Every structure is written in structure tokens, then in C-alpha cells.
Amino acid sequence: MEFRVLGSLQVVDGGADLTPSAAKVRAVLAMLVLRHNQIVSTRELIDELWGERPPATALPTLHTYVYKLRKMLGTGGPATVVTQTYGYLLATAPETIDVYRFERLVADGWNALEREDAAHATEALSQALALWRGPALANLAAGELLSAQITRLEESRLRALQLRLDADLRLGRHRELISELKELIAIHPLNEDFYAKLMTALYQAGRRGEALEVYQNLRQVLVGQLGLEPSPALCRLQQRLLSANPGLEQPDLDPAPPSAPPAAPVAAVRPAQLPPDIADFVGRAEVVDRIAALLSRPAESGTAVRVICISGMPGVGETALAVHAAHRARSAFPSGQLFTELGGSGVPADPGEVLAGFLRATGVPPGEVPGDRDERSKLFRTWCSERQVLIVLDDAAGYAQIQPLLPGSAGCAVIVTSRFALHGFAGAHMVELDPLTGEEGLELLSRIIGPARLSAERAAAEHIVRLCGRLPLALRCAGSRLAAGQGLTLAKFAERLEDPRSRLSDLRVADLDVRTTFRATYERLGEPERSLFRLLGLLQTPHITMRQAGALLGCEPGHAERLLARLADCSLLSARPTALGEVHYAVHELVRLYARECLERELDGCAVAVPAPQAAEPAAPAGPAQPVEAAVPRERAVPAAQDEHCGVPVEEAGARPFSLTAPADCVNGTASHILGP
């Protein structure tokens, strides 16, 4: 079955024409086809069919039209109308719709022009234009919504025609184009682009006088009808024709067609700023395929730029995934790829400075970069408007930092990574990363230390993966330590990692440091969130609820829930709803160890210590709140050598007074006193 809208609306199945005869049924079908696999609301359909004054029977009449469409399409076929909440959806393969094939071919031709492959471009664009059988939806009495869609389709057709003419001119087919361009000017008497192409074609055919006459004819039309002079670009072209500017190709005075296309112009600046892909990238196959599908789909005219937001806990590999996915999709963005680190987990970068760097990378001379941030943003969007660019914004601090950096063209796409929840990002595709699976963790370790070594001590390798919490950064640190350590066996290293007090110190090599990654996020927290985060180090299970957090803090559950939600927004906790409607928050084992270090650092000035940390028990369904084994005063101070665990020097942190509250029901252990700032 095939749906055709590039001309009269048609439904064809094996040569049989199934097009509805009733005008309003055709209008409903056209709305569903143009928004295939998307919900079209009942309100939109009624507005299209009856405008601002629908009859009282509009809804049941619409149901009748949908029933007729379902009867026409049949059951179990390649296309069907699905009832959704407040609307309908046409479920069908996109390839069955001619406008989808048209847009794919136009995108292919556009990419070929960007690659200076004019021959492939003209072939693809000619195939796209051949799909048109006349004016779009010519057999419909379109209402407001369909009229807007028809305008969009006709603009797309005109743009495809202009691109095909550009490709033909690059191939030296100026003689063949002269008559076609004259006909197009008669149909579109105010389209300056067609006049410019005709002037160029006449000049290249050795007919400079006629080319200048075309300019005078256009000027008479514009002045007579609109009171306007030709555009500055067309005026410059006229001056170049008058002076036989050497920048234009010299006329070919040989009446025979040229044997070879003219020399290609100098390629425009195409930034390629993506960092190198990671050779030992493992896992994430489903996520990578999903991102690749979003990036490779053809852009639709009039739609927003595609944005993909990747988030997850510190060290989970957001940047690695973004770079890997960007390399997979770079062929779909021939105009270039831009990359920047926004410093969201440290000192956030100024969007204005980032824009200045982008503009310089696109070929704008430093002296022509505007001083105002908004003007830089407008210039950047202008550069992107006719291009297909992929932009990777790494480690974003929030939506306000990202918004000035977004292009306005649907041909572009943006990948954003952040450790913080990006609320209010309408239309963005959200990807939340979890740690690797056990098998993926083993594969990553194997690629770093070698498969033979891992096979020889597989049990120890599995233990290392568990102790690293399957966190990619931790596994990379562990693998690097093992690869560099002379004589260090996997069993010996696993034994060292079993000590929770030194585990984070062992997961550090060169500039890779799990503790530093956690610290960057911790230092962005407010003091109430820090207080709760530190107390999470007392937990001996990975789960906590708002009621248990309230018991830890000695506060109302509602206040505790808000603090837990903020920690989850910073990816220091993960939130999962339960069947009973209560939210359970989970803390990663390595995050819990870091929270313990921060708690010990806070207690250091009070000569109060907490019991030695223990590994978190396996996850289990949360039951009634139980007491916590909390801090008990003892005559022991944390050794100075452990100050690095929290990453705050003694002279900077200072000792803050702590108070002991009354016993409270908490989690994990016996009733005890709870420390609070």
C-alpha cells in the first residue's frame, strides 16, 4: 500500500486506487498521512474539517469518517488507523508515503552538494522532484491546518528545485538550463534566485548581453510592482557581469557541450572537532542504536532541531557514549561537527565565549566576531541555517547555559551530556545511563588487561567488577592499575579493593580518579543536601526512602523527600517508583563510600568517629523503617592521612559544631543518636 500526497491525494494498493471519494474523509486521511505514526488530536481534525464553528454532531461524524478509513484500509494490513487518547494515529511504514521518500532524496542530494559531488546531487534531487505529480493535495479543499502543510510541501519542492539547478550549474549544464529557467521565471516572476541562475547560465554560455538584460527586466518588475530595487547580492552579480569579473567562469564560446565540468570551488570551512573515539568502547548497544536512529533520520522542514540529552551518575560514561555516537553519525552531518566542554561539574563555561570559539571554527575572522553574546548566537544560527551540523555539548551545567548554543535549523542536531537533570528541555530525547552489566564490565576489563589474563583469573575479575560497582570509570582505573602493575595479580588487587576505607584511593591512576569525579558534583550541592549526602555513608543497604531519610535527619518526610530529589537530580542517587507509589532511592556503592569519607572528614574536628564502613548488602525490598547504626562518640580522630578522602583540606574546611539529637527510628541497626549539622 502506498500513500501519495505530492499531487492529488491517492491511496494505491497493488495497482488498485483506494482513494476515498468523500472530500472530508480525504481531508482526515491527509492529516493522518502527513503526521504518520504521530497522534493527530480530535480537536485538530474537527478544526480542519469545520473551522471555528463545528456542528453539534462533529464528533460522531468524525468517528464515522474514521470507521470508513479503517474499512478501506482493511485489517491486518500494512497500515491501520489506531485510536489513541484524544486522537488517532496512522500506523504505517514511512517508506509507504511519497513525501517521506522525497525528503530522504532531498537530504541525500543536499549532503552530496556539501561533499562537492554534484553528479550524485543532481541524480538524487531529480528523483525527488520526479515524485511530484502536480500541486500538493490538489484534490482537497484544505482548511487552515492542511493549507499550512501544503505551503510547507511546496516550499520544500521549490528548495529541492533550486538545489538541483545549483548542481546542474556546477556540472556545466548552463545551456540546458536556460530554457527551463526562463519558464520558471514566468511562473515565479519575483524569485530573484531564478533570475540570478539565469544570468549566470547566459553568461557562461557566452551571452553576457542577454544576462544583463535579464537583470534590467527584473528591476522593472520589482520597481513597478513593489517599489523595490533588486537585492544587494543580485546587484553584486550584475557588477561582476559588467566587469567580466575573473571570479566568474569565463564564457564557453564553443557551441558544443563542455566535455568536463568546471573546476570545483574552494571547499568551505567544515569544522571537525570531535575528540577521538574510544577504541575499547563496550556495551550500550541498544542506546547507541537509538541515538544513531534519531540522528540519521532526515530532517523535516519546519521542525525543531534534534536534541539528545545524556545523563547519569559521575563516572558512568556519558562523554564516552556521546563521542562514540557522534562518530557513528558524523556522515549524516557533512557540514561539520563541533565539540565543547561546558565545565558544568566545575566552573561553568561562558556561553558567549563558547559561541566565539564556534564562530572562529566556522571561518569567521576573529575581528568580525560580535562582542555581544546574543549577536554571536544569531550569527551562529545564521551559519547553521543552510547546513547540517552536529554539535556535542559536554558536561552542561543547565538549560540556561545550553540555550544560546542551540542552532535553529532542523538539519542540525545536538548531543548534550550532563550530570544534572535538564528540566524544561521541551522536545529533547532523554537518555539516562546506568552502570554496565556484569558481562560488559568483564569485557571492558578484558580489553584493557588482555583476554588471556582475564581468563586465567576470571573469578577474581568478576569480583573486581562487583567491587567497582560496574562503573566504567572505576573499571578503567582498575584495569589501568592492573595493566601497569608489575606482578600485580587480579586476586591480589581484588583483595585490596575489599577494604572499603582504601577502595577509592586504589581506583585512581594518572588523571583518572573516581573520588575527584564524585567531589566535583558534591561541591555543587547546597549545605542541606550535603548534610543528607554525608549521612548516606551510614547506610549498609543500597536503598533509602523519604521516611528513612527523614529519620536520619530528624525532619519531616516531605523535607527529606525534597532533599532526596535534589540528590537524584545531581545523579548521586537513582530514583525508582514502587508498585505502591512510594519512591525508593538507591545509592551506588562507591558513592556511599565517598559519602562516608565526607562524613568522617566533617567529624574529624569533633574527635567523633563512626564505625568502619561495610559493603552494602544486596538490594532487597524495603520494609518498615529500622534503626541505623550511627555515630557513637569515641576517643579517636580520623588520621590526617585520610583527609584526602573527602578532598577538602583541614585549613579550608574548618571545624563546624555538631549536636546530638534525641534517639530516632532510622534504618539499619539499633536506635542511636543522630549527628546533624
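Colleague: Which residues of H18 meet which residues of H20?

Modeller: In this predicted model, Ala460, Ala461, His463, Ile464 and Leu467 of H18 meet Leu490, Ala491, Phe493, Ala494 and Leu497 of H20. By class, this contact has nine nonpolar residues, one polar and no charged ones.

Colleague: Why are H18 and H20 called roughly parallel to each other?

Modeller: The axes of H18 (residues 458-467) and H20 (residues 490-497) cross at roughly 30° and come within 9 Å. Angles under 35 degrees count as roughly parallel, so H18 and H20 are roughly parallel to each other. The crossing of H18 past H20 is left-handed.

Colleague: What makes Arg476 and Asp280 a salt bridge?

Modeller: Their side chains meet at 3.0 Å, N to O, and the cut-off is within 4 Å. Arg476 lies in helix H19 and Asp280 in the loop between H10 and H11, so the pair ties together parts that are 196 residues apart in sequence.

Colleague: Why is Asp280 called buried, and why is Arg476 called partly exposed?

Modeller: Buried means under 20% relative accessible area. Asp280 has 16%, so Asp280 is buried. Arg476 has 23%, and therefore counts as partly exposed.

Colleague: How do you know that Glu527 forms a salt bridge with Arg534?

Modeller: The closest N and O atoms of Glu527 and Arg534 are 3.1 Å apart, and the cut-off is within 4 Å. Arg534 is buried at 3%, whereas Glu527 is partly exposed at 33%.

Colleague: Where do Glu589 and Arg592 lie?

Modeller: Both lie in helix H26, three residues apart, about one turn of the helix.

Terms used
Residues numbered from 1 in each chain as written. Predicted model: local features only at pLDDT ≥ 70, side-chain atom pairs only at ≥ 80, totals over all residues. Heavy atoms only, no water. Axes fitted to C-alpha atoms, helices over the stretch in contact; angles between N-to-C directions. Helix = DSSP H or I, 4+ residues; strand = E, 2+ residues; numbered from the N terminus. Parallel < 35°, antiparallel > 145°, perpendicular 65-115°, else oblique. Left-handed = near helix turned anticlockwise from the far one by under 90°. Contact = heavy atoms within 4.5 Å. Nonpolar A, V, L, I, M, F, W, Y, C, P; charged D, E, K, R; others polar. Buried < 20%, exposed > 50% of the residue type's maximum accessible area, 1.4 Å probe, protein only.
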